[in-house]
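Please consult the sequence and the structure alongside the text.

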Amino acid sequence: MAMKTFAAIEVGSNELELKVYEISKKIGIRQIDQVRYIIELGSDAYSSGMISYELVNELCSVLKKFKFKMDEYQVDNYVAYGGSALREASNGNMIVDQIRIKTGLKVKLISNAQQRFLVFKSIAFKMKNFETLINEGALIIDIGSGSLQVSVFEDGVLQVSKNIRLGSLRIRELLSAMEGQTSDFVNVIREFVDNGIYAHSLHQLKNMKLKHAVIVGEEFSTIVKYSGIQSEEGCMTIGQFDKTYKQLIGKNPNQIQEELDIPYEQASVMIPTAIVLKEIVRQTSVDTLWQAASDLCDGMALDYSQKVERFLLAHDFTKDIIKSVRWIAKKYDSDEAHVRNVENHAKALFDATKKISGLNQRHRLLLQTAAILHDTGKFINGSKSVYNSCHIIRETEIIGLSDAEREIVSCIVLYNSSAYVPKYEKMSHEIDRDSYMDLLKLSAIFGLANAMDKSHRQKMDKIRVTIAENEMKITADTIYDITLEQSMVEEKSGFFEEIFGIKPVLRQKRSI
């Protein structure tokens, strides 16, 4: 297949970045140009809640130049994402519209979960020893300007991922007014960071087997440079980091700028970054820190390559998504036995109807996610558990799922208690028409799966599903009375038959 030229643009909180890539099956992904421009959109967004129009005009002026650069390379396609500064600014959507009008570029506001997941994938793709590190136990610490993402891998699988509003620029802006009021401003930052870490229970990391920390962000690259360590992999021991940390926090931004020959804006966030890293790794058994030579633009290029060139990743992120979803269910004290039973039934029904549904493995993942999380709402209020589950899913960050996918999952759970799904016109605008049709199919499957354990007694361990003519026969090999479950399946059968054109029937094969 012919070489493609792709451009990735990040409208970040602290800078704008353009990367241009050549992509093909033969050469993979090769970066051919990079342009960066420091503009502190987050300084306005995090302090006043909106971005000034002086900065907006400057932003559009730079993006025009980015567009000229893209035209020079005759890029085949591009993606432009806006991060936390645009998301949080009250005039964020207006700024996106101004960018479109003044530059012709379409910038999409990306959720934190999507942003971090793209970086995850890029690290897994570019870091040769990624699998080794996560199998030995690793943190991925992604320090952005607006927030911090801490993700824990044990035995090669993502266990949990937490977002904390402790971005380096945010810390600087929130605490800057206090700098002149104390002789120990470093301690003020440390106390602020400690409070954020404790509030998110990161002290529990002490109980996990963690050997490595993979650090995302240019500031850590600068820390490695400051240390004087010569490392091709960009790694340092915890002892080397501690020594460098002590040297760094004794300096002010002007001294750091001069010594490292970096822009003042970057120098001013070095100390908050170092303190955040120090306080996190202090909670763990980590002994080696690794530089992740990846950023959001790299993740955007990889995501595009996966869609267009069908690039495959060695690491299976589907397992990570399911594992983190199970952690959420456990957090809300879900009935694990019931959830597992419904999940298994849902997967069996999905696989049996795959040829007639037009659904794919991604849809199977959404169905599985709904099954795992559908019982979480009882933790809040048993009488409104369905609505509470729906709210929990909508408001909980799930790394690897987009906002639209999370909305589908929440609706699968919500409409499980109804005999029908509302017409598209009455649905949330988060879901497009194609996704609406997918939702109908997934809701019909999930309704049956949940009905088959209505008693919460797991009467049917295994089922066999066969489709012949206009009937889907579900055979349960069990000695228990399944009259209740058969009645509930019959109640759900009308909706399923309307969607798929076949009638589900639950039959019993009694074991001896």
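**Salt bridges across the chain**

Arginine 170 is buried, its relative accessible area being 4%; here buried means under 20% relative accessible area, exposed over 50%, and partly exposed in between, computed with a 1.4 Å probe on protein chains only. The model is predicted, so local features need pLDDT of at least 70 and side-chain atom pairs count only at pLDDT 80 or more, while totals for chains, interfaces and linings use all residues. Residues are numbered from 1 along each chain as its sequence is written, and side-chain values use heavy atoms, with hydrogens and water left out.

Arginine 170 pairs with glutamate 88 in a salt bridge whose closest N and O atoms are 2.6 Å apart; the term denotes a side-chain nitrogen of Lys or Arg within 4 Å of a carboxyl oxygen of Asp or Glu. Because glutamate 88 lies in helix α3 (residues 84-88) and arginine 170 in helix α7 (residues 168-175), the pair ties together parts that are 82 residues apart in sequence. Helices (H or I, at least four residues) and strands (E, at least two) are DSSP runs, numbered from the N terminus. Glutamate 88 is partly exposed, at a relative accessible area of 30%.

A further salt bridge joins aspartate 298 to lysine 126, with 3.3 Å between the closest N and O atoms. This pair links distant parts of the chain, helix α14 for aspartate 298 and helix α5 (residues 112-126) for lysine 126, 172 residues apart. Through shared partners, salt bridges join Lys19, Lys126, Asp295 and Asp298 into one network.
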